[in-house]
Amino acid sequence: MPTLILAAAIVIVIFTALIAIAARYKKCPSDRVLVKYGKVGEGKSAECYHGGAAFIWPIIQDYQYLTLTPLPIDIRLEGALSKQNIRVNTPSTFTVGISTEPGVMENAAERLLGLTMPQISELAKDIIFGQMRVVIATMDIEEINSDRDKLIANISQGVEVELKKVGLRLINVNIQDITDASGYIDALGQEAASKAIAEAKVKVAQADRDGEIGAAAAQRDKRISVSGANAEATRGENTAEVEIANSNAQRRSAQAEAERLAQAAEKVAHAKILEEAYVSEQSAEKQRAERDKATQFANIVVPAEVAKQRQLVEADAEAEKVRRIQQGKADGVRAEKQAEADGIIFVKEAEAGGLKARLIAEADGLRSRLLAEAEGAQAVLVGKAKGFDDLIRSCQGPGGAQQLLITELLPQLVEAQVKAIANLKIDKLTVWDSGKGADGKNSTAGFLSGLAGSVPPLHELAKNVGVELPSYLGKLDDPQADRPSVQPPAPEAPVTGNTQSVEGI
């Protein structure tokens with residue numbers, strides 16, 4: 001139940017709003033101008049609509065109508081001064097109305113909204129009076145009387161501009177009469193009437209004269225026309241006869257031309273027949289001559305040609321035979337040379353292959369030998385290293401091992417010392433011994449001592465091979481320092497002497 005009441009209230013509110021909106025939506029009839037005023041926009045006092053419709057917002061906007069009904073105004077202008085200072089009376093009727101021109105409508109909304117029709121008529125009447133007096137003051141009275149269109153145009157132009165300023169437009173101007181108090185216009189009318197009557201009489205006389213002249217001219221034209229028609233008919237008959245004669249002449253000429261052409265064609269055909277016959281005879285003679293020529297050619301030339309062709313064929317065959325024989329020989333020689341070349345190439349390739357294989361085998365053997373030697377050297381070095389290691393361990397240190405190795409090398413060192421003088425060739429040795437010298441040695445002892453001194457020292461030989469002998473094997477003294485104290489060895493000392501004999505050296 002509350003839901004239904006709420007829905008009904010909403011429907012009523014919407015319906016009321018629609019009615020209010022429809023009531024504020026104003027349509028403009030075609031004979032009115034809708035003026036919407038109030039808050040209509042920045043810098044605008046009103047909005048005008050001619051036709052259509054507009055929505056009028058409540059409270060801030062309102063509207064009124066201006067009627068477009070034409071407003072007739074009677075103007076009884078009397079005593080207006082013309083350019084010649086002659087007072088003129090010009091009773092007239094003006095029809096004005098609200099303008100629908102954009103821009104002018106806004107002027108009407110601003111200046112005429114709220115005024116009644118009589119008030120608008122009085123406003124327009126004042127404007128029209130002033131403009132008519134201005135226009136009449138600029139025109140002569142003859143011009144005003146004779147050229148009313150110009151008078152109306154001048155008045156309309158001046159009045160229209162002033163009416164637009166208040167939102168009106170001039171619809172129609174009707175000048176009823178133009179009079180003056182001095183009778184000048186009446187006199188101008190009488191003068192004009194007299195001139196018109198005289199001109200009318202002249203026109204009547206001219207019309208009578210023109211009528212008689214026209215009748216005579218018509219009679220003349222009639223006779224000329226009849227004569228012309230008769231002459232034209234005669235000329236036509238003659239022309240027809242000439243045309244008939246021409247036609248007959250053309251027919252006879254055509255017949256003669258046709259006969260001439262027929263005779264010429266007959267002669268041409270006869271000549272053509274003769275020509276064809278001559279050509280046929282000539283062709284037959286030519287064929288006969290060709291036949292004789294062909295017979296002679298067949299009897300004489302053809303056998304000769306056959307014989308010539310046979311000789312040529314036989315010569316070609318013989319030449320071909322010789323060429324083939326020579327070709328066969330050349331092919332045999334070329335095959336033989338080719339086989340020899342192939343054999344040489346095969347042999348050279350085999351030799352190259354064998355040499356290559358031999359070199360490869362030698363290289364492989366050399367590499368294997370070198371590898372084996374390297375492995376053997378490595379094994380020897382490894383064995384020697386292991387032996388040295390075992391020797392060092394068995395000798396209880398590097399010193400003991402060194403002494404043992406030196407001991408093993410002593411015979412070789414001594415042998416090297418001895419070989420230094422072993423190759424001396426002494427064929428004969430004569431020693432003259434004069435006894436002991438100043439140093440207590442005799443000559444034989446000095447000779448042996450010098451011979452022993454020429455043996456390389458043991459320490460130097462060992463040092464050259466990278467072995468440093470121990471000190472208990474003697475020392476290599478400074479030769480300059482020790483030379484005076486060197487004692488020559490005893491002659492009987494053995495060459496492979498012991499430690500004492502080495503020190504003596």
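Trainee: Is Asp390 buried, partly exposed or exposed?

Mentor: The model is a predicted one. Asp390 has a relative accessible area of 29%. Buried requires under 20% and exposed requires over 50%, so the class of Asp390 is partly exposed.

Trainee: Is Lys386 buried or exposed?

Mentor: The relative accessibility of Lys386 is 52%. The exposed class begins over 50%, and therefore Lys386 counts as exposed.

Trainee: How far apart are the closest N and O atoms of Glu285 and Arg288?

Mentor: Glu285 and Arg288 lie in helix α6, which covers residues 184-394, and are three residues apart, about one turn of the helix. Glu285 is partly exposed at 48% relative accessibility, and Arg288 is partly exposed at 35%. They form a salt bridge whose closest N and O atoms are separated by 2.6 Å.

Trainee: How many residues apart in sequence are the parts that Glu47 and Lys36 tie together?

Mentor: Glu47 and Lys36 form a salt bridge, their closest N and O atoms being 3.4 Å apart. Glu47 is in strand β3 (residues 46-49) and Lys36 is in strand β2 (residues 32-38), so the pair ties together parts whose separation in sequence is 11 residues.

Trainee: Are Glu47 and Lys36 buried or exposed?

Mentor: Side chains of opposite charge can pair when their charged atoms come close. As for Glu47 and Lys36, both are buried.

Trainee: How many salt bridges does a search of the whole structure find?

Mentor: The pair of Glu47 and Lys36 forms a salt bridge, as does the pair of Glu285 and Arg288. Searching the whole structure gives a total of 21.

Trainee: What is the relative accessible area of Ser82?

Mentor: Ser82 is found in the loop between β6 (71-81) and β7 (87-98). Not counting residues up to four places away in sequence, Ser82 touches several residues, including Val88, Ile136 and Met139. Ser82 is buried, because its relative accessible area is 3%.

Trainee: Which residues does Asn154 touch, not counting those up to four places away in sequence?

Mentor: Asn154 is placed in helix α5 (residues 148-164). Its relative accessible area is 25%, so Asn154 is partly exposed. With that sequence limit, the residues Asn154 touches are Val135 and Met139.

Methods. Residues numbered from 1 in each chain as written. Predicted model: local features only at pLDDT ≥ 70, side-chain atom pairs only at ≥ 80, totals over all residues. Heavy atoms only, no water. Helix = DSSP H or I, 4+ residues; strand = E, 2+ residues; numbered from the N terminus. Buried < 20%, exposed > 50% of the residue type's maximum accessible area, 1.4 Å probe, protein only. Contact = heavy atoms within 4.5 Å. Salt bridge = Lys/Arg side-chain N within 4 Å of Asp/Glu carboxyl O.
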